[in-house]
Amino acid sequence: MKNKRFYSMLALAIICANSLLACSNDTSSVDKSTTVLNAGLELPTGFSTIKAAEGLGEARHITVTPQGDIYVKLSSAYKDKTIYYLHDNNGDGKTDVQTGFGDYVGTGITIKNGYLYASSNTEVYRYKLDAANKVIDPSKPEKIITGLIARFQHDSKSIALDNDGNIYVNIGAYSNSCQEKDRSKGSMGIMPCPILDSAGGIWKFKADKLNQTYADGIRYATGLRNVVGLDWNNSTNSLFVMQHGRDGLHDLFPDLYDTKQSAELPAECMYELKEGVNCGWPYVYYDHIQKKKIINPEYGGDGKKTTTENFIDPVAAFPGHMAPNGLLFYTGNMFPEKYKNGAFIAFHGSWNRAPEPQKGYLVAFVPFKDGKPSSDWEIFADNFAGGPEFVSPGKAKHRPCGLAQGPDGSLYVSDDSGGTIYKITYKAK
Amino acid sequence: MKKIIITILVVAFFSLYLFAQTNIKPSVNRGKIVYETYCLTCHQDDGAGVPKLNPTLSNTSYTTGDKKKLITWVLKGTTDKIAIDGKFYSNNMAPQNYLKDEEIADVLTYIRNSFGNKASAVTVAEVKAVRATVK
C-alpha cells in the first residue's frame, strides 16, 4: 500500500517536472485570450493597435523582416535568452511562436543585407540569415566589434547601418556633464572633457569585418551625451540621431536655474550627422525656448551666454528629459501621405523633470519635407503609462523604447517596462 | 512577583516605544523638506526611484537596515556598482557631505519612516560618529 502511494507520488512528480520543463522551453505558444482592442493606446482617427507580443520583459530595440517576423533585443534575460524571434502563424497580428537565443543583454538590433545585427553593451554581433530571414545558426554569431566602453551610465549600444557597408554605433558618455565629480552640486566641468576620446559620440565601423576595436573605427560624430534612438534616413542618405540631454540644471546649479527651468531644459535634440560634426556636449546645450546653444554652467554658463564655437544646430528640439529611445523614418504606404518620410520617435518618459510633472511615455511624429522637418512635432501614440496617475518611471505600465516598420507599412513599438510589442495599423474610413 | 516585573517591563518598553515614535515626528517633518530639496529629483516623490537608474528607497534592506552603512552612503555617495537587493542601478550618487549632521539625521529618519518603511530614527550623534570615520 505504502509502496503504491510512493510510486503514484513519484509519477505525479515526474509529470509535474515535465510540464514545468515544457513551460521553460524557449519555444512556446502564446495564450491569445488576453486580446485588447487598441491595447490601451490613444491614437489618431483611423489607427488601431494590437499587442503582437506581451510579457517579454525589457524589450529594447526591434526589427521586422520582409516576411513580417519580429526580432527583439532584451536588456534582461527572459527565460535565459536575450534575443527573441517572434512569428505570427495565422496572420492576425499576434505572434504565436517565440524562439529565444543569445546570452548577452543589450539594446541594438537591426537587419541589413542578409544579416541580423545585435549589440551587447560592449560588443556588436551578426548572424547570417536564410532566404526567409531566419537566423541560420543562433549559437554562432560573428563578433564584428569588441571592447567598447561600458561604465554603467549610458552604456547601451544602439546601431544603424548605411547602404555602403558601414555600421554606426552609439557610445554614450559615462557621465552627466563631464564634471570633476559626476552629478555633484557646483562641481565644474573638466576642460577639455577627457571622455570624448572614447565615448560621447557615434563611431563608424565596417559592417562585415570581424573583431574590430576602437583602432579600426572612426569617431564619426562627437559631443553627443547619449544616443539611444538612431536611424539611417534613406531619402537624405544620412544618419539621424536623438540625444538624451543632460540632467540636473537646478540640482547642480540652484542659483542659476529653478525647478521649472530645470524640468524643461535642455531640449532633447534630433541631429543630422555628417562625418566630423560636433554637437557640443558637455560644453553647451540647446535651449528650445531661446532657440540658442547655451554654455553649460559647468563651463562658465549662466543660462544666457551663447557659444561662438562651431557646434551644429539640432534639426528638431523637444521638451527636456523625455528620453528619446527609438527613431524611425517611415517609408511605408499604409499610413496617410503626411507620414511618408517623416520621423517617429519613441519617448521612454522622463524622471528628471521632478518635482514638476513627468512627460513622455509616448510616440511622437515629426513630418518631413525635402529632408527637413516641415512643421512642429505632434503626439502620435499616447497613454503607454496607463493613465495620468501612472506617468512616472516607477509606475508606468509601459515605456516605449524601440520602433520598426512592417512589410505592410504597419508600425511596431516595443516596451521595455511591460515587455509588450505593439503593432499599429491604419485603415482609411 | 515575576509576572508583575514582566508586566512593568512590557508597559515601560511599550511607552518608551510610543514616546520614541511620537518624538520622531519633528525630525520626520524636517527630513521631508531636506528630501524634497536634495533627494527627490532622483529618488522621486514616492521614493520609488527610477528603474535601472536610481535605486528605490521603499522596501529595500539598504533604507531600513544598518544605519552606519546608510549614513556612510549619504556622506560618500557612490560610483561603485553593487547590486541593491539583487538589482543594479546605473547612475552615480554624489557625496551629500555638505549637509549638516542634523539634516542627514532628519532625512534618513524621514525615508526610514516613509514610502511604506518603518524603522528606527537616525540621531545626530550617529551621523557625527560616522562622519568622523569617513574621509
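Student: How many salt bridges does the rule find across the interface of chain A and chain B?

Tutor: This is a predicted model, in which local features need pLDDT of at least 70, side-chain atom pairs count only at pLDDT 80 or more, and totals for chains, interfaces and linings use all residues. Residues are numbered from 1 along each chain as its sequence is written, chains are lettered from A and ligands numbered from 1 in the order in which they are written, and side-chain values use heavy atoms, with hydrogens and water left out. A salt bridge requires a side-chain nitrogen of Lys or Arg within 4 Å of a carboxyl oxygen of Asp or Glu. Across the interface of chain A and chain B, the number found by this rule is 2.

Student: Which side chain of chain A meets Lys52(B) in a salt bridge?

Tutor: The distance for this pair, N to O, is 2.6 Å. The partner of Lys52(B) is Glu58(A).

Student: What area do chain A and chain B bury between them?

Tutor: Contact means heavy atoms within 4.5 Å, and 18 residues of chain A are in contact with 20 residues of chain B. Buried area is the accessible area (1.4 Å probe) that two parts lose on being put together, summed over both. Of the area here, 55% lies on carbon and sulfur atoms, and the value is about 1600 Å².

Student: How many helices are there in chain B?

Tutor: Helices (H or I, at least four residues) and strands (E, at least two) are DSSP runs, numbered from the N terminus. Chain B has 0 strands, and its helices number 7.

Student: Are α2(B) and α6(B) roughly parallel or roughly perpendicular to each other?

Tutor: Axes are lines fitted to C-alpha atoms, for helices over the stretch in contact, and angles run from 0 to 180 degrees between N-to-C directions. Helix α2 (residues 25-38) and helix α6 (residues 101-112) of chain B pack at about 100 degrees, with their axes 7 Å apart. Angles under 35 degrees count as roughly parallel, over 145 as roughly antiparallel, 65 to 115 as roughly perpendicular and the rest as oblique. Therefore α2(B) and α6(B) are roughly perpendicular.

Student: Which residue of β9(A) is the bridge partner of Tyr117(A)?

Tutor: Strand β8 (residues 115-119) and strand β9 (residues 124-128) of chain A run antiparallel and are joined by 5 bridges. The bridge partner of Tyr117(A) is Arg126(A).

Technical notes. Pairing = 2+ DSSP bridges.
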